[in-house]
Amino acid sequence: MTLLYTSDPARGRIWRAIFAAEAADIEFVDPSQPYDPATIRYLAAWAPSAELIASLPRLEILFSIGAGIDQFDMSALPPHVRVVRMIEPGIAAGMVEYVTMAVLALHRNLIDYREAQKEARWAPIKLVPAGERRIGVMGLGNLGQAVLGALAPFGFALSGWSRSPRSIAGVTCHAGEAALPDFLAGCDILICLLPLTEETRGILCRQTLSQLPHGAALVNVGRGGHLVEQDLLSLLDEQHLSGAMLDVTDPEPLPADHPFWAHPRIIITPHIASMTRADSAARALIANIRRYEAGEPLDGEVARNRGY
Ligand code: NDP
Ligand code: OXD
């Protein structure tokens with residue numbers, strides 16, 4: 001069985017060594033070497049071209065290098081090919097760090113202090129106890145749950161929203177569109193950790209963001225396509241929202257003349273909330289191929305009709 005890897009060459013060198021040492025029966029090839037397309041059963045890629053997919057007649061599984069799969073052109077993928085997102089501890093650890101940083105920065109008014117510093121203004125703001133700060137996470141999957149677990153020890157009031165009902169200790173869980181207004185009304189800091197699908201595109205818009213309490217802040221670590229940019233700008237300018245930390249934009253990179261860069265109440269980071277860690281991801285992939293070969297369910301298999 002052969003795996004074709006078509007992503008970052010530096011990560012590829014680490015993966016090749018791990019496959020050679022720990023899964024020598026799985027042949028690991030990349031485009032820098034000659035390979036027979038008819039032998040490829042597994043493809044590990046970020047955004048494979050339609051031409052590449054069409055050249056692999058025996059492809060069985062497309063593994064995403066990252067947690068998201070919205071970058072795949074599903075129309076180019078034959079219906080029998082299974083799609084798997086990356087679930088590995090490095091991605092969750094990075095996301096936990098980033099969201100904790102963002103929540104603490106917003107909770108402790110870092111955006112206000114950054115502005116005050118520009119004017120050499122000494123302007124203390126009264127502390128809000130963590131228990132009185134309501135943090136809501138949209139998306140209660142692998143990453144949403146990891147983030148909530150990390151925020152719990154601070155004592156924040158935690159809630160979450162997902163498509164199907166979830167039960168998470170210490171978290172008020174809401175499910176489905178009908179529950180969205182109640183969820184939004186109880187979020188002083190809203191974190192978007194949804195996948196980008198037909199249903200979630202543009203979900204962070206005036207209609208939803210204006211249901212957040214006055215002075216609420218947004219952390220978008222999902223995808224840029226979740227956010228209607230002009231609606232965020234208007235709600236910040238109207239002071240309904242107090243700030244936003246955006247790790248994802250549409251497009252990426254964010255153009256140099258985009259108004260987000262200079263906005264005093266927006267912090268931009270370049271899609272670095274988390275990154276697939278080479279060693280743990282290679283091992284997660286090997287474990288998943290082993291599961292597949294044993295006829296067991298794949299970890300992170302995407303329901304193609306649902307888009308995540
Ligand atoms: P999962 O698939 O594990 O979880 C997705 C969650 O979103 C589930 O709880 C799901 O509901 C919920 N959801 C999906 N559609 C809807 C909807 N229409 N309404 C309400 N809830 C919905 O994904 P992960 O946690 O692994 O990753 C989430 C996203 O994070 C990725 O798709 C990617 O976009 C982003 N990401 C960003 C990174 C960055 O560096 N900025 C890095 C890694 C990921 P249910 O529980 O009912 O299925
Ligand atoms: C992502 C990732 O999906 O980096 O954004 O894993």
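Modeller: In this predicted model, a polar side-chain atom of Arg223 lies 2.7 Å from an oxygen atom of ligand 2; a polar contact is a pair of N or O atoms within 3.5 Å. His271 also places a polar side-chain atom 2.7 Å from an oxygen atom of ligand 2, and Gly68 brings a backbone N or O atom to 2.8 Å from an oxygen atom of the ligand.

Colleague: How much of the area that ligand 2 exposes when taken alone does the protein bury?

Modeller: Of 210 Å², the protein buries 86% (Shrake-Rupley method, 1.4 Å probe).

Colleague: Which residues surround ligand 2?

Modeller: A residue belongs there if one of its heavy atoms lies within 4 Å. Here these are Trp46, Gly66, Ala67, Gly68, Arg223, His271 and Ser274. By class, two are nonpolar, four polar and one charged, with Gly counted as polar and Arg as charged.

Colleague: Which residues of H1 are buried?

Modeller: Buried means under 20% relative accessible area and exposed over 50%, with a 1.4 Å probe and protein chains only. In H1, a DSSP run of H or I with at least four residues, the buried residues are Arg11, Gly12, Trp15, Ile18 and Phe19. They lie on the same side of H1 because they cover an arc of only 130° around the axis, taken from the directions from the helix axis to the C-beta atoms. The face turned away from that side carries the exposed Pro9, Arg13, Ala20 and Ala21.

Colleague: Which conventions apply?

Modeller: Residues are numbered from 1 along each chain as its sequence is written, chains are lettered from A and ligands numbered from 1 in the order in which they are written. Because the model is predicted, local features need pLDDT of at least 70 and side-chain atom pairs 80 or more, while totals for chains, interfaces and linings use all residues, and side-chain values use heavy atoms, without hydrogens and water.

How values were computed. Polar contact = N/O pair within 3.5 Å; in protein donor to acceptor, adjacent residues only side chain to side chain. Helix = DSSP H or I, 4+ residues; strand = E, 2+ residues; numbered from the N terminus.
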